[in-house]
Every structure is written in structure tokens, then in C-alpha cells.
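Keep the viewer handy while reading.

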Amino acid sequence: LQTAGFDARFPNTNQTRHCFQNYTDYFKCIAAKGEDFAPCKQFKRAYNSLCPSQYFSLLITKWDEQRENGTFPASLEP
């Protein structure tokens, strides 16, 4: 597992927003290019790395449920 690099848009120590952005970027990418498109996997690695372990399962489970229910708070259209 490789840690995501520094992103100037998220300079604070709380990386939840950065995690969320990589999660949405991943699903936008696979919607546009498909799951086998290698660059999309970088977004998945980044959100897996950035989401704090104690929150990881809760956040991702919540976001997955919201996507499935059509209530996700961000557009995932490419």
C-alpha cells in the first residue's frame, strides 16, 4: 500500500475531504473509462490510503449505500 502524495488543495491534517474527493474521482473515472482503466485505480489507492482506519469502513460503507440509493451528495457523472 502506497500513501497518497501531498495535495495543496488539502493542507490540513484532517484528510477526510481529500479522502472524499478521491472516492468521487474514482467513481467518476470508472464511469467514464471503465474499471479496467489503470489510472482510475490510483484514486482508489489514494482514498484507501487517506481514509483514517477507524472511519474507513463507516465512511465507505455509508458512501456506497448512498450511491446505491441515489442519495450520494456529489455528482459522479464524468
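What follows goes from the overall fold to the helices, and then to the side-chain links.

## What we are looking at

This is a predicted model, so a cut-off applies: local features need pLDDT of at least 70, side-chain atom pairs count only at pLDDT 80 or more, and totals for chains, interfaces and linings use all residues. Residues are numbered from 1 along each chain as its sequence is written, and side-chain values use heavy atoms, with hydrogens and water left out.

## The overall fold

The protein has 3 helices and 0 strands, giving the pattern α-α-α along the sequence. Helices here are DSSP runs of H or I with at least four residues, strands are runs of E with at least two, and both are numbered from the N terminus.

Of the 78 residues, 35% count as buried; that label means under 20% relative accessible area, while exposed means over 50% and partly exposed is in between (1.4 Å probe, protein chains only). The accessible surface comes to about 5,300 Å², and carbon and sulfur atoms own 50% of it. Those areas come from the Shrake-Rupley method with a 1.4 Å probe, and for residues only the protein chains shown count as cover. As for contacts (heavy atoms within 4.5 Å), 58% of those with a separation of 6 or more come from residues 24 or more positions apart.

## Helix α1 and N22

Helix α1 has 18 residues, which should span 26 Å at 1.5 Å a residue, and its end C-alpha atoms are 25 Å apart, which agrees. The expected span is 1.5 Å times one less than the number of residues. Buried residues in α1 include H18, F20, Y23, Y26, F27 and I30. After the helix comes G34, with a positive phi near 100°.

What does N22 touch, not counting residues up to four places away in sequence? Its partners are F43, A46, Y47 and L50. N22 and Y47 are 25 residues apart in sequence, yet their C-alpha atoms are 5.3 Å apart in space.

## Helix α2

Within α2, C40, A46, Y47 and L50 are buried. They cover an arc of only 110° around the axis, which puts them on the same side of α2; the arc is that of the directions from the helix axis to the C-beta atoms.

## The disulfide

There is 1 disulfide in the structure, where the term means a pair of cysteine sulfur atoms within 2.5 Å. The bond joins C29 to C40, with an S to S distance of 1.9 Å. The pair links distant parts of the chain, with C29 in α1 and C40 in α2, 11 residues apart. Is this cysteine pair buried or exposed? Both C29 and C40 are buried. The torsion about their S-S bond is about -80°, so the disulfide is left-handed.

## The salt bridge

The structure also holds 1 salt bridge, defined as a side-chain nitrogen of Lys or Arg within 4 Å of a carboxyl oxygen of Asp or Glu. The partners are D64 and R67, whose closest N and O atoms are 3.1 Å apart. Both lie in helix α3 (residues 53-69), 3 residues apart, about one turn of the helix. An α-helix has 3.6 residues a turn, so residues three or four places apart point the same way. D64 is partly exposed, with a relative accessible area of 22%, and R67 is partly exposed as well, at 28%.
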